[in-house]
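Please keep the sequence and the structure in view while reading.

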Amino acid sequence: MSNVTAAWTALSPALLLGLTGLALLVVDTIRPNERSNTSMAVVSALGALASLSVTVWFVIAGRGHVDAGGAITLLEGAVKVDTLALFFTAIFASVTALVVVAAHDYFHDHANPAAFYSLTLFAATGMALLAVANSLAVVFVALEMVSLPSYALVAFLKKNRGSVEAGLKYFLVGALSSAVFLFGISLVYAATGSLVFGEVASAVESLDALAGVAGIGIVMIVGGVAFKTASVPFHFWAPEAYEGAPAPVSAFLSSASKAAGFVVAFRVFTEAFPLGASVAAGIDWALAFAVVAAVTMTLGNFAAAVQEEVKRMLAYSSIGHAGYALIGLAALSTGSAGNEAVMGAAMAHLLVYGFMNTGAFLFVAMAERWGIGRTFEDYAGLARRAPVACTAMAVFMFSLAGLPPFAGFFSKYFLFMGAIENGFLWLAGLGAVNSVVSLYYYSRVVRAMFLDDPATPSALDAIDVRPTALYAAVVFAAVATVLLLPGFGPVIEAAEAAAAALF
Amino acid sequence: MILEALIGFTFLAALLVLLVPNEWAGRLAFALSAVPFVGSLYLWSRFDAAGNALTGGTIAFESRYEWVEVGGRTVSWFVGLDGISLPLVVLTTFLVPLAILSAWTPVDSRQSQFYGLMLFMEANLLGVFTALDFFLWFVFWEAVLVPMYFLIGIWGGPRRKYAAIKFFVYTNAASLLMFIGFMSLTFALGDSIGSLALPEITRALADGGLETWFGISPDRMAMVAFLAMFAGFAVKVPIVPVHTWLPDAHVEAPTPVSVLLAGVLLKMGTYALLRFNFTMLPEQASALAVPIAAIAVISVIYGAMLALAQKDLKRIVAYSSVSSMGYVILGLVVFTEYGVGGATFQMVAHGLISGLMFMAVGVVYNATHTRMVGDMAGMADRMPLTVGILVAGAFGYMGLPLMAGFAGEFFIFVGAFGAPSLPYAPVFTALAMFGIVIVAGYLLSAMQKTLFGPFRLETDYEVGPAPFHDVAPLAVLLAAIIVLGVAPDIFFEMIRDAAMPVVEGVSVDV
C-alpha cells in the first residue's frame, strides 16, 4: 500500500458515513414505497457503527498520534487526521448510531423515512469532515454540509407547524451566521494571505498594520462558532429549533452538531490563531470566550430553570452545557502546562454529554411516541408504567446535573479542576454555582416521573406501545453514561493526547 | 479482592432484585443480603490491621488500582479497612438484612424496586466505609443519596415528597460545601501530594505541606477547609441547628428506610468527621474544641428537649438520634483514647439501638396504623413480645448497663471528663450527662402512655401479635445490643487501636 493510499484510509470514518448515506439512497431507489423503515435503520446503524469501530480502532492503534508518526495530512495540508479528529468522530458516530436506531420507532408511520436517514448520515459526514478540516475553506464547506441537512431535518415533520417554523428560524439564523463566518474567513485571508491553519498561524505572528482586519475576522469567526455551538449571543435559535424539531433530530443537533462546532473552535483557535501570537497582536480571543462561556452557562441554566416543558428545558440546558465546554477555550493561558488538561476535559465532557444528552432527548422522543404531553406535569407517575426507561432518564438527569455516581460528574470535575489549575478559579466557581442551579430543574423531571402521582388515573393509559428500538437506544445511552465513570481513564487520556497535539 | 467482591456482589444483587417479579423480591433480597453479612464476618475473622489507616497504620484487605489522573494527581480505586471502618462495615451488613425483613409487612407496592434500591444503597454504604481515596469515597458518598431520595419519596408517608426533596437539597448542599473545602485543601497542598489517597493527604498535612494558594495563607486555608468540611458533615450527622431535615425524613420514610437512615446513614457523617476533620486537621480541631464541644452539648440537650415535646413515637426516636449524635461529637472533640474510641463505639451501638427502636415502632404501627402517643394505650396486652423488646431497647437508649448504649456513653464520658485538650471538660461532660436524664424522661413517659395500662385503640379489626418475620429482627438486634454491651471489647479493642494514632497526633502538641 502506497503512502497516499494509507493516508486516504485515515479518512475512512468520514468516508464510511458518506458511503452509508449514499447506500441509503440506493436502498430507497430499490424499494421506494416500503412502509417499514427497518432496512433503512439497519443500514444507517451499521454504517455509523462501522465508522465508530474504525475510529476507535484508529485511536487505540494511535493513528495520527505523535508517537505514530504524527498527524496525517492530505490534499496539500487542507485535511488533517489526528487524535482530535478521531476523538470527535467517535462522538459523532456514537450519537448518529443512537439517533438512527431510535428513529426507527419514532418515524414508524412516516411516509418517507429514507430522507431522514440519508440527511442524518450526510450531516454526520459533514461533521466528520469538520473534525479533519485543516483549512478555513474546508471548514466552511464542511460546516455547510452539516448545516443544510440540519435545516431540512428540523423541518422534517412538514405537516407539523412547530417543526416547519423551527426549521425556518434555524435556517434564517444559520444563513446569517454562515455569512458572518464566511466574511470573517475572508478578512482573515486578507490579513494573512492563507487559509491553511499552519500558514495563518505563522502570518498572525507578523500582522503589524493588518492586526485590526484579522481581529475583526476572528471576532466574526467566534460568532460563527457561537452559532454552531448554540452559545450566546447566537443561541436564540436553539430553544426554538430543538423544541420544534422531531425529538431524535433535537438529540442529533444538540449533541453531535454542537460537538462539531466545538471541534472547529478547538482546532481553529489553537492552530490558526495561537493564543500567544494573537494576544501579542492585540486579539485576546481567550478573554472573549471567557465572557461568552460565563454568560452562556449562566443564561442557559437560569432560563432552563423556569421552563415548563421538558424538551424546552433540555434545549436551554444544552445551551448551559455549551457554556461549560467553552471553558476548554476560555481557560487557556499562553504557555501554561495545564492547557491540554482543560481542553482535554472539555472534549471528554462533550463525549459524555453526547451520551447523556442524546439519551435525554431520545427519552423525550419516546414520550412523544407514547403521545403523552410535553410538560413536567405530563410526566407525572411515568415510572409506574415504564420503570426501565424512567430509570435511564433519571441517570441522564443526574448525570447532566453532575451528581457523582455518573460520568457527568467526572467530566465536569476534570473541567473545573483544569480551569482552577490554569488560574481560572472564577470560571470554575461560576460553573459550580450553575451546576447547583441545574440540579433543581433536572431533579424536577425525576421528581415528576418517580414521586408524583399521575394527574388522572387514566392519564398514562395511552402508553400501550413498547418501542423496542427507542428503548434499546435509551438504555444503551444510560449504560454508557454509567460505564463511562469507571472507564473514564482511557477517555480522558485520549482527550488529553488529542489536546496536547494542538499546543 | 475480597472488598471488591463484597461491594460488587451487593451491586449485582441489587440489579438482580430489580429484575425479579414483585412477589419474590422480598425473599430474594433477604437471602442475597445475607451473603455480604457472612462476607463481613469473614473479614472480621481475618482482620489484621494495626493502627489507623490514614496515619500510616497497616491496612487490612488493602487493594489499589490506578483509575485516572487529574492535574498531576492520580485517582485510584483504593479500598481497605482499619479498626474504625470494620465495625461500621459489619454494622451495615448486619442491619440491611434485618431492615429488609422488617419491610416485608409494610412495603406493599413496587417491591422489586424497593429492595433493589435498599441493596444498591448497601453497596454504596460499604463503599463509603471502605474507600481510602477521596474521589472514590466521594462518589460512593453521593451515590448513597440517590436511592435514599427514591426510598423516601416513593414509599414514604403523606408528606414524602417534601421530606425527600428536603433531604436531597440539604445533604447535597452540604456535600458541595464539604467538597469545595476539601478540594481547596488539596490545591493548597500543591506538589506535596501525588494522589488523592487519604493516607497520603493526611501525611502531607501533618508534614506541613500546605502552601499559600490564591493568596490564602496555609493556616487560614486549613481553618477555612476545616469549617467547610465540618459544616458539610454536620448536616449529615446531624448537629443542631442543621438537623431539621432529619425528623421530616424519618417520619415520612417507611420503617426499614428509617432503620438504615438512623442506623447507618447518620454514621456516615460522624465517620467522615473523624476521618477528615479530626484525623487530618487535628490542630484546627483542638483550636475549635470549645465551640465544637458547646454545639455537641447543645445537640444533646436540645435534641432531647425536642424529643420530649413530641407526640409521634417516630419523631421521638428521630429527635433522640440528634441527641445521641451529640455524644459522638463530644467524644471526638476531646481527643482522648476513650473519647475518640468511645465515639466510634457509640456509632455502632447507636446504629443498633436506634435501628431496634425504629423497627419496633414500625411493628407497632403495622398493627395500629397510628404512631400518636395519645391514640393508643396498653399495647403490651396485645403484642407482649414486641412491646417487651421495645421496652428493652428503650432501656438500651437510656444507657442501661450491660447494653451497648451504656458502654458507648460510658466510654465517652470517661474520655471526656478528664480531657486535657478541652478547657472546662468536666463542665461539658456533666451537662451532656444530664441529657440522659431527659432521654429517660421522654422514653418512660411515652412508653407508659402507649404500652401499659388498659388496652385502648379505636380500630375495626382485632390487634394481635406481630408476625414472626417482624419480631425476629427485633430479637436479633436486641441480642446483638446485649452482646456488645456485655463484651464491648469485641469491637472496642480494634477501635482503640485505630483511634490511638488520632489521639496521639494531637497530644504531641498539647
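## Helix 7 of chain B

Directly after helix 7 of chain B comes B:Gly190, which has a positive phi, near 55 degrees. The model discussed here is a predicted one. Helix 7 of chain B contains 29 residues, and the distance from its first C-alpha to its last is 42 Å. That reach is close to the expected value of 42 Å, at 1.5 Å a residue.

## The contact between the chains

In the model, 19 residues of chain B are in contact with 19 residues of chain A. On the side of chain B that touches chain A, at least two residues each are supplied by strand 1 (60–70), helix 5 (134–143), helix 6 (145–155) and helix 7 (160–188) of chain B. Helix 7 of chain B gives the largest share of this side, with 5 residues.

## The overall form of chain A

Chain A has 21 helices and 2 strands. Its radius of gyration is 22 Å, close to the 23 Å that the globule rule gives for 503 residues, so chain A is as compact as a globular protein of that length. The C-alpha trace of chain A spans about 70 × 55 × 40 Å along its principal axes.

Of the 503 residues in chain A, 63% are buried. Among the contacts in chain A with a separation of 6 or more, 81% are between residues 24 or more positions apart.

## Two packed helices in chain B

Helix 18 (residues 404–417) and helix 19 (residues 425–451) of chain B pack with their axes 8 Å apart, at an angle of about 155 degrees. Angles over 145 degrees count as roughly antiparallel, and helix 18 and helix 19 of chain B are therefore roughly antiparallel to each other.

Helix 18 of chain B contributes B:Phe413, B:Ala416 and B:Phe417 to the contact, while helix 19 of chain B contributes B:Ala425, B:Pro426, B:Phe428, B:Thr429 and B:Met433. The residues of this contact between helix 18 and helix 19 of chain B comprise 7 nonpolar, 1 polar and no charged.

## A buried loop residue

B:Gln310 lies in the loop between helix 13 (289–308) and helix 14 (313–333) of chain B. Why does B:Gln310 count as buried? B:Gln310 counts as buried because it has 20 C-beta neighbours inside 10 Å.

Apart from neighbours within four places in sequence, B:Gln310 is in contact with B:Arg315, B:Ile316 and B:Tyr319. B:Ala404 is 94 residues from B:Gln310 along the chain, and their C-alpha atoms are separated by 25 Å.

Technical notes. Residues are numbered from 1 along each chain as its sequence is written. Chains are lettered from A and ligands numbered from 1 in the order in which they are written. This is a predicted model: local features need pLDDT of at least 70, side-chain atom pairs count only at pLDDT 80 or more; totals for chains, interfaces and linings use all residues. Two residues are in contact if their C-beta atoms, placed from the backbone, lie within 7 Å. Helices (H or I, at least four residues) and strands (E, at least two) are DSSP runs, numbered from the N terminus. The radius of gyration is taken over C-alpha atoms; the globule rule is 2.2 Å times the number of residues to the power 0.38. A residue is buried if 20 or more other C-beta atoms lie within 10 Å of its own, exposed if 12 or fewer, and partly exposed in between; C-beta atoms are placed from the backbone. Axes are lines fitted to C-alpha atoms, for helices over the stretch in contact, and angles run from 0 to 180 degrees between N-to-C directions. Angles under 35 degrees count as roughly parallel, over 145 as roughly antiparallel, 65 to 115 as roughly perpendicular and the rest as oblique. Ala, Val, Leu, Ile, Met, Phe, Trp, Tyr, Cys and Pro count as nonpolar, Asp, Glu, Lys and Arg as charged, and the others, Gly among them, as polar. The expected span of a helix is 1.5 Å times one less than its number of residues.
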